Structures are given as structure tokens and as C-alpha cells.
Amino acid sequence: MPPPPVGEADIERVFREEYGRAVAVLVRCIGDIDIAEDAVQDAFATAVQRWPATGIPPSPAGWIITTARHRAIDRLRREASRDERHAHAARLLASEPSSGEEEAVPDDRLRLMFTCCHPALAPAAQVALTLRLLGGLTTAEIARAFLVPESTMAQRLVRAKGKIRDAGIPYRVPGAHELPDRLRVVLAVIYLIFNEGYTASAGDGLVREDLCAEAIRLGRLAATLVPDDPEAIGLLALMLLIEARRAARATTDGGMVLVAHQDRGLWNRRLIEEGQTLVRHCLRRNQPGPYQIQAAINAVHSDAEHAAATDWRQILQLYDQWMAIAPGPVVALNRAVAVGEVDGPESALAIVEGLALDRYYLWHAIRADLLTRVGRYQDAALAYDAAIARTDNAVERTFLQRGREAVTPH
Amino acid sequence: MKLYLLSVYQPDGPPPPPDVLDPIIRNVRALQDELKAAGVWVFSAGLHEASTATVVRAKDGDLITTDGPYIDGKEHIGGFTVIKAPDLDAALEWARKSAKATTLPIEVRPFMDQH
């Protein structure tokens, strides 16, 4: 029987799914990130040439890893005369049994995640490395997504990989006493990637949707690899529940639509169901954390068939719980919105006025909305102006502009 | 094993009063003992304050000597320890202990590999 035809999209899919795994295995075997990356890229280039004729092998990941391993051995042998370390690595790699262990040790990608998100690296470098090594995004793609020149991003990656090599940042899962703190960093990086994709700021829309998809993929991976941490599950649930509203959060001309005004028929029920199941699953552990609580708040929103049916009392309780474990002015601001729904805009306004968030555009935007609702239109107009002055995001500005026009006498 | 330099950054000026300094000295000595007992310690030293430093530069065939530290500022290296550690995580663990003992920031830098 002839092999089924293999298109570019099939290979692209294998690449997305298996690139990080292959790099993680090779880094473990070789101990050198650059050589591992080059070898895996070579292996995929070979796949693009061969698979259309031979069909996709039964274990694409195994094929890629074996091919990459041979490429790496060849290269290390070529360079062995110059560097004893390379000679050593080549011997080691060639002597390892190559059958049966092409499958990743389950910890490989997790190890790589902890290396990419090491606290000795700057947050921007953590994000870039994670997308590059685990997500397989090109330097150009990451640069576009973060609106920096490609040369800047390339430099950032080179510098980070140099630090991993020279400072001896280890390739391993941290010990139990360090694990909770280190996992917080990994989750923060994943959420940062998601938020960057979610914020409808300037830049290539498609690339930004890819960032959300990539963050969810990494979130699934983290939740699978560290099943004992309810915050990892909470983060995944949170991202799924927000992602579920993607189709409804913008008008056809790209304008912003708040949850209250969204067409709930456009919400992705499959993602909502998965997110809600995860929320129930992690809340049962009774170790609440910020991601789980945010996920639970979003789960309450997605429970309501229409905006008026939203259970704001339950949302307010969740904000109270959040304030109890991680108090902060931004959490207090979001809690005030829930207070506004339960106790009315006057109570909410009193809370908002007490928060020192003058530099935060959302503080002004929420204040403007509350002032409008209590009928203080002149103050509301000034608050809208302050909010508009504090955001560079065109979509948000347009949204605020409309709010301002509504309180301006015609 | 890699070598790491752990530098202590210390504010210029007179040392803190004995009721502050004495426990710090005790803690630093205890940490030195711990480093030695763990087989991690290679070398360590405290330095006189930065105002005692002299900088020499070679410029256009001349040697210029100036009084004071190379970098202006209110904080300078006050001492350092060289340790042997398997990786950065191990080195950072010792740096954390050192930061607690000295109550000062510790900069960790890897040595180049010796060939």
C-alpha cells in the first residue's frame, strides 16, 4: 500500500508537537544547547526532503531524535580535533544504546523548562528561550511577537544561551525545597506568553494568536509534568477559559467587546467545559492560589447564559479569597468591579478612590465607568481622558474614546 | 566542578557600630567554616575600604596612576570568596547563605574554564 501523501502541514504539525521534546532529549545527551538545536533543525530539514516520498514514520519523534543524534555525533567528531570536550561528547553519544531510549525521559522537557526559566536569567530572556527551545518558534517570529527588531531578539537569545553555558545553569528539575519557587517562575513565563498573545496591541495578529496557542500547549505540558501542583492546573484552566472567549471579544472591525456585552453564542463550549472541569479538579485540593482563583472567577462568568445571570456574589467571594492570600492594589481594583455589581457603583467608587494606582490606565478606566454610573459625567470625562493618556493600545483607546463620547454633552 | 567568584558589595564609609557588626562577623566566620567543612572553599579575603585603592592605566606609552577606586560610586567590593561548585544552583545556594551572613548583596561570577 503506498504511504498516504505527506504535506507541509503534516510536517509542520510534527514540528510543533515534537520540536521541544527532541531538543530536550538532545540537550540531555550532549549538554550543549546550540549543537542540540542545530541537530534537531537538520533532522527536520531531512524530514521535509524524505517524508513526502516515504510517508511519516510510525514514531515521528523517535525518527527525528535518532536522526538528530547522528547529526550531532557527526558534527562533534568533526570538531573533536579542536576541542577535547567535543571528542568526549561524541564518544559518550555514540556509546549510548540508541534503541528504545529515543523516547524522551519524561523529565526532559521539564528540565529544559526549568533551565529556560532559571531565575538567574532576565524575564525577557526566559520568555524568549522558552519560545525558542520548547516552542520551536524562530527568532524572527519571537521578535515580531514582542515588537523588537530581530537583531535585538537574536542578541538576547545568544546572551542567554551564553550565560547558561558559562555560568553553569544546570539542566535538571530543582530539588524539593526549591521546586515551588522555581515552578512559580515557569508558570509566570507561560502566563506572560499568553498575555502577550492576548493583549490586542499592535503587531501581527496571527503571530499573537500563535502565542496564546503556544502558551496553552506549554501550560498543558507543565500541568502534565507537575501533576501535584494545583496552580499549574489552575493556570491551564485560566488560559482555556479566557481563550474560549476569543471569537467574541472583538467586533469584526477589531473593536473591543467587554465580557458583559459579548455574544455568548460565540464562546467555545469545548474549551469552557475543559476549563471548568480543571477548575473543579484543582479546587478540590483545597490549596488555593492566584491562578486557581482567577480561573474560578472566569468559570463563574462562563457559567452564566447571559450577563445579567452572572453570579457576582460568588465572584466577590473569590476576590475576597484572593485578597486574603495575595493582597495587592490591582487585585483590590478588580474586586471593586465585583463590589460595584453586588453593592452598587457608590460602594465600588469608594474603594477605587482609595487605591494608589494613578499610573495604571485601568484604574482610570474603571473609575470613569463608575463615575458615569453614579451620574458624575464631568468627572467621568476627565477620568476617561486620564485613561486614554495612559495606554498606547489603539483598540483600548478607541474603546475608551467611545466611553468618553457617551458622557460628553452633544 | 566549576569555580565561582562571590563578591561582597559594601557601602563606603565607616563600618557599622559593634552591636551591628559583631554578629555579622560571627556569622561570616561560621559560614567560612561551613564552606571549608563542605570542601567548597578555595580562597577568601576581606579588603580595606575603597578609598585605599589605586588605579594604574597604560595610555599612549605613559603609565598614569590615580588615587581611589576605578569605578566611582557609594558601594565597592569589600571582600570575596572563591568556591568550587558543580553548577550555578549550588553556587547560588552558597551566595544566599553569604548574603544572609553579611546582610550585603553578593555578586556571583563564573570563572572561565581552565584548559
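Predicted model: local features only at pLDDT ≥ 70, side-chain atom pairs only at ≥ 80, totals over all residues.
1. On the interface between the chains, six residues of chain A are in contact with five residues of chain B.

2. Within chain A, helix α6 (residues 123-134) and helix α9 (residues 179-198) have axes that come within 10 Å of each other and cross at roughly 80°. Because angles of 65 to 115 degrees count as roughly perpendicular, α6(A) is to be described as roughly perpendicular to α9(A).

3. As to the residues that form this helix contact, α6(A) contributes Q126(A), V127(A), T130(A) and L131(A), while α9(A) contributes V189(A), L192(A) and I193(A). Taken by class, the residues of the contact of α6(A) with α9(A) comprise five nonpolar and two polar residues, with no charged residue among them.

4. In chain B, I77(B) belongs to strand β5, which spans residues 75-85. I77(B) has 16 C-beta neighbours inside 10 Å and therefore counts as partly exposed, since a residue is called buried at 20 or more such neighbours and exposed at 12 or fewer.

5. The surroundings of I77(B) include residues from elsewhere in the chain B sequence: once its neighbours within four places in sequence are left aside, I77(B) is in contact with S7(B), V8(B), Y9(B) and L47(B). For one of these, V8(B), the separation from I77(B) is 69 residues in sequence, whereas the C-alpha to C-alpha distance in space is 5.6 Å.

Note on methods. Residues numbered from 1 in each chain as written. Chains lettered and ligands numbered in written order. Contact = placed C-beta atoms within 7 Å. Axes fitted to C-alpha atoms, helices over the stretch in contact; angles between N-to-C directions. Helix = DSSP H or I, 4+ residues; strand = E, 2+ residues; numbered from the N terminus. Parallel < 35°, antiparallel > 145°, perpendicular 65-115°, else oblique. Nonpolar A, V, L, I, M, F, W, Y, C, P; charged D, E, K, R; others polar.
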